[in-house]
Amino acid sequence: MGNSGTKGGAAAIPGATDEELASFKHNFTRIVSLSGKKDLDETSLREALKLPPSLSSRLFAAMRKVVSESKGSAGSKLMHFSMADTALVLGRVCTTDRFDRRSFSLSVLFEGSKTINRKLARELYKTIAFHSLPDDGNASALAERLADISVDNAFEEVQGDEMTREEGDNWLQREVDTEGFLPDLLRSAFLLSAKDSSMHKRQRNVPRLARKSRLLSDEVLWIFGPQLPPTCVQKPWKQLYSSVKHGKSFSRFMSKILFRGPTLLIFKDKLGCVFGGFASVSWHKSNKFYGDGRCFLFSSSPRMKIFPASNVNNNFMWLSTNLTSCSNGLGMGGQKDFWGIYVDTMLERGVCRAPCSSFCKMPCLSSSPEFEFEEVEVWGCIPDYVADEKELEAAGVKRKPVKSLDDYTARKDGKTVLDDVEAKAILDAAGVGGYSDDVRAYDAVLAKEEKSRKATREEADAGSDSDDLEYQDED
């Protein structure tokens, strides 16, 4: 229930719940004790919110302005806020629906500055990033590294040592989301319990990995967050392919990535450059480009930067193996023989040419336009993705439907060259084997669904015997 007046000696906070009021009284007493005083001063505010001195000073001044607007000149020179004064600020800034939270945050962050230099930009980015990272002891160091990356890229774009206020606003909003940052921070510190405050923390949608990657760092995953569709950050990513784990076999590579939904491909060349691309739809073999404007290319070493779609053309994804008049292999961006990224059918050599018309301002991402691969990884961004019949049909995949579990078992137990380990190894080495692995996977999925329906009809446990039908990558 909300409150409309003084309760237990504490000033009213319009829109606050009884639980928030109780937390406010407790938190205010705890915070002011940090400076050994009975009222809130700038020092205790800075320590409670973990802000740099310059930013805490601007926030304190903005809070003073809120009080003075209510009290007139009596609040214009306050050096300490009583519990009632602090409640007045929180009621205005944190719980009033009509309050412009974004304008309040920006007024404090930029303090009326018409231009933004590197020092201020770095301080702002680091502060907001720090308050969005998990409390795992690594937040401060990671925020430092992220600030260095983002600020360098931002000032490279403006080609100068200062950004305009508008450029700085657009950059911060795109990179770390300034919307309501400071009101949220105040609410978390004063109106929530310690447990609720931790849960309320402004956490960014950052991809998580189901296992450790040799090529993807925390910084890369953080920067990817805003660029990805929401469905791609809901569950930990699954490693579909690793050249270290699975070997450099293009047939094996294809069998792992076909019809697996959105994927992230990351490559390392022999001279240490690390780069790759996000594929927004499932990979399938085709004699034409496909994909959409959500695709992007990126570089993570020696420098981290993302190159979004340019909307000049739709040449985002290419995968072919048996064409005689066009390039066989995997490509992203550009055009045939002038690729943004291209992988040959031996998974040993690649091409990366610039500029690439499909992606904005993309330089050569590799150490040279033609290079050799050191390592390759592919991550499935929706780990439980299963292609439906419509997607398979659109890609030209025709299969005889699995009619029953017994039908699947008979086909599964039927011996083919794919069940002969030595023969399969020879086909893999020749680059022509393994293409049926994905088809078997879908057979298993359909068979499992059939078994589940049968078990439901019999009022049995639908999952009792299905483990052996799950398709799982080798560990």
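This is a predicted model: local features need pLDDT of at least 70, side-chain atom pairs count only at pLDDT 80 or more; totals for chains, interfaces and linings use all residues.
## A strand with two partners

Let's begin with strand 4, which covers residues 263-269. Is this strand mostly buried or exposed? Six of its seven residues are buried, so strand 4 is largely enclosed by the rest of the structure.

Strand 4 is joined to strand 5, residues 274-279, by six bridges, and these two strands run antiparallel.

Which residue of strand 12 is the bridge partner of Lys-268? That partner is Glu-375.

## Charged pairs

Next come the salt bridges. Side chains of opposite charge can pair when their charged atoms come close. How many salt bridges does the model contain? The count comes to 20.

| Pair | N to O distance | Relative accessible area |
|---|---|---|
| Arg-118 and Asp-152 | 3.3 Å | Arg-118: 35%; Asp-152: 38% |
| Arg-174 and Glu-175 | 3.9 Å | Arg-174: 41%; Glu-175: 18% |
| Glu-372 and Arg-349 | 3.3 Å | Glu-372: 34%; Arg-349: 48% |

Take the pair of Arg-118 and Asp-152, whose side chains meet in a salt bridge. The two residues are 34 residues apart and link distant parts of the chain: Arg-118 belongs to helix 6 (residues 118-130), while Asp-152 belongs to helix 7 (residues 139-158). Arg-118 is partly exposed, and Asp-152 is partly exposed too.

The salt bridge between Arg-174 and Glu-175 has its closest N and O atoms 3.9 Å apart. Are these residues buried or partly exposed? Arg-174 is partly exposed at 41%. Glu-175 has a relative accessibility of 18%, and the cut-off for buried is under 20%, so Glu-175 counts as buried.

Glu-372 and Arg-349 meet through their side chains in a salt bridge. Glu-372 lies in strand 12 and Arg-349 in strand 11 (residues 349-351), so the pair ties together parts that are 23 residues apart in sequence. Both Glu-372 and Arg-349 are partly exposed.

Salt bridges can also be seen as a group here: Arg-122, Lys-126, Glu-144 and Asp-148 are linked in a network.

Now follow the backbone itself. Where are cis peptide bonds found? One joins Ser-301 and Pro-302, with omega about 15°. Pro-302 sits in the loop between strand 6 (296-301) and strand 7 (305-308). Another cis bond runs from Ala-354 to Pro-355, with omega near 0°. Pro-355 is in the loop between strand 11 and strand 12, the two strands tied together by the pair of Arg-349 and Glu-372.

Gln-159 has a phi near 55°, and its place is in the loop between helix 7 and strand 2 (162-164). Leu-347, which is not a glycine, has a positive phi of about 55° and lies in the loop between strand 10 (338-343) and strand 11.

Which of these is buried, and which is exposed? Gln-159 counts as exposed, at 72% relative accessibility, whereas Leu-347 is buried, with a relative accessible area of 0%.

Finally, look at helix 2 (residues 42-49) and helix 3 (residues 53-71). Their axes come within 9 Å and cross at roughly 120°. That angle makes helix 2 oblique to helix 3, and the crossing is right-handed.

Which residues meet where the helices touch? From helix 2 come Glu-42, Leu-45, Arg-46 and Leu-49. They meet Pro-53, Ser-56, Ser-57, Leu-59, Phe-60 and Met-63 of helix 3.

Definitions and conventions:
Residues are numbered from 1 along each chain as its sequence is written. Side-chain values use heavy atoms; hydrogens and water are left out. Buried means under 20% relative accessible area, exposed over 50%, partly exposed in between (1.4 Å probe, protein chains only). Helices (H or I, at least four residues) and strands (E, at least two) are DSSP runs, numbered from the N terminus. Two strands pair if DSSP finds at least two bridges between them. A salt bridge is a side-chain nitrogen of Lys or Arg within 4 Å of a carboxyl oxygen of Asp or Glu. Axes are lines fitted to C-alpha atoms, for helices over the stretch in contact, and angles run from 0 to 180 degrees between N-to-C directions. Angles under 35 degrees count as roughly parallel, over 145 as roughly antiparallel, 65 to 115 as roughly perpendicular and the rest as oblique. A crossing is left-handed if the near helix is turned anticlockwise from the far one by less than a right angle, and right-handed if clockwise. Contact means heavy atoms within 4.5 Å.
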